[in-house]
Amino acid sequence: MAKQIRAMMIGAHPDDLDFRCGGIAVKYARAGHKVKFLAMCNGSGGHHIMSPKEISERRYKETQRVAEIAGIEYDVWMDSEDCELMADLETRKRLVREIRKFNPDVIFCSRPNDYHPDHRSASQLVQDASYVVIVPHFCPDVPAMKKAPVILHFYDHFQNPPFKADLMIDVEDAIDEKFEMQAAHESQMFEWLPYTKGTLDQVPADPEERKEWLRQPRIPRDGSLDMSMFTKNLIGSPSEYREAAAAVKFRDKLIERYGEKGKDIYFAEGFSVCEYGAPLSKEAEQELFPF
Ligand SMILES: [Zn+2]
């Protein structure tokens, strides 16, 4: 291996990152690179029965199961409650110290426009840290980074402003692990999210049946794709269709990167370059995305 890449995925809740960049995380880890997920909230809002303390402790255990599946490090700010993440100075300093300690070559985070206040704050915090991670007089107790990292926003389905796919990465070979990672968030996939969508009665009891339920509806590979499945409402729940949304939308980018093979890729993750990080030059792209 030429160089060990250090990739840091920074999100709000303990499961956000698994959905958005779980595939690329698996690919990095499998190739011997170093990956760290950081959830800046403890997940305390994610249940209808368990108390905030009970659910955040349970969710932490779920993240550690994900860490095992993917071969990554998964950190959670356990003192930071859901729905209360603020892009303030104190939190900026905390994040800058964390980023410097990990010293990433590339950071992945959500876009600043998003329905959830914690997602917006998380994105804002990364942008606020983007330059000051290299400023030695800011938080001098942790040495400043020598070089600013590349920062990428991961794909979401929001339309305003439209997502610009600068980079599409094939994750077909990591999709099984990506669904395993999602299934490890049992409290979310099989309890809380179905509760919020009124589908609790549809969740199978058997663990293997549950995993298959999470993938349903599956993507047919015979050309009989149901395009109506990609509407905003339907794509809100886990399914193979949700995982295929970016590939279908940015097919031209996949073909540009992978040639003819790009026509057959359904599971891909899309990223947009945040212009406040280091520029993603052709050389940087080749070095940071060797897939
Ligand atoms: Zn979230």
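The crossing of α5 and α7 is right-handed. Their axes come within 10 Å and cross at roughly 115 degrees. That makes α5 roughly perpendicular to α7. On the α5 side, the contact is made by Phe179, Gln182 and Ala183. On the α7 side, the contact is made by Arg210, Lys211, Leu214 and Arg215. One caution before I go on: this is a predicted model.

Stay with α5, which runs over residues 175-184. Which way does α1 pass α5, left-handed or right-handed? Right-handed. Helix α1 covers residues 16-30. The angle between α1 and α5 is about 135 degrees, and their axes are 9 Å apart. The two helices α1 and α5 are therefore oblique to each other. From α1, the contact takes in Asp18, Phe19, Gly22, Gly23 and Val26. From α5, it takes in Ile175, Glu177, Lys178, Met181 and Gln182. Note Gln182: it is in the contact with α1, and it is in the contact with α7 as well.

Next, helix α3. It holds 14 residues, 89-102. At 1.5 Å a residue it should span 20 Å, and its end C-alpha atoms are 20 Å apart, so the two agree. Which residues of α3 are buried? Thr91, Leu95, Val96, Ile99 and Phe102. They cover an arc of only 135 degrees around the axis, which puts them on the same side of α3. Turn to the other side of α3, and Leu89, Glu90 and Lys101 are exposed. What covers the buried residues of α3? The cover includes strands β1 (6-11) and β2 (34-39), along with helix α4 (117-132).

That brings us to α4. This helix has 16 residues. From first C-alpha to last it reaches 23 Å, close to the 22 Å expected at 1.5 Å a residue. Its buried residues are Asp118, His119, Ser121, Ala122, Ser123, Leu125, Val126, Ala129, Ser130 and Val132. They pack against β1, α1, α3, β4 and β5.

Find His13 in the loop between β1 and α1. Is it buried or exposed? His13 is buried, because 26 other C-beta atoms lie within 10 Å, and 20 or more is the cut-off. Leave aside its neighbours within four places in sequence, and His13 is in contact with Ala39, Cys41, Gly43, Asp82 and Asp118. Look at Asn42 too. His13 and Asn42 are 29 residues apart in sequence, but 6.6 Å apart in space, C-alpha to C-alpha.

Now some backbone points. Most residues other than glycine have a negative phi, and most peptide bonds are trans. Here are some exceptions in this model.

Take Cys83. Its phi is near 70 degrees, a positive value in a residue other than glycine. Cys83 lies in the loop between β3 (73-76) and α3. Cys83 counts as exposed, because it has 12 C-beta neighbours inside 10 Å.

With 15 other C-beta atoms within 10 Å, Asn103 is partly exposed.

Where are the cis peptide bonds I want to show? One goes from Asn160 to Pro161, with omega near 5 degrees. Pro161 sits in the loop between β5 (150-154) and β6 (167-170). Another goes from Gln216 to Pro217, with omega near -10 degrees. Pro217 sits in the loop between α7 (207-215) and α8 (240-249).

Last stop: Asn113, in the loop between β4 and α4. It counts as partly exposed, with 15 C-beta neighbours inside 10 Å. Which residues does Asn113 contact, leaving aside its neighbours within four places in sequence? Phe158 and Pro161. Compare Ala205. Asn113 and Ala205 are 92 residues apart along the chain, and their C-alpha atoms are separated by 36 Å.

Note on methods: Residues numbered from 1 in each chain as written. Predicted model: local features only at pLDDT ≥ 70, side-chain atom pairs only at ≥ 80, totals over all residues. Helix = DSSP H or I, 4+ residues; strand = E, 2+ residues; numbered from the N terminus. Expected span 1.5 Å × (residues − 1). Arc of directions from axis to C-beta. Contact = placed C-beta atoms within 7 Å. Axes fitted to C-alpha atoms, helices over the stretch in contact; angles between N-to-C directions. Parallel < 35°, antiparallel > 145°, perpendicular 65-115°, else oblique. Left-handed = near helix turned anticlockwise from the far one by under 90°.
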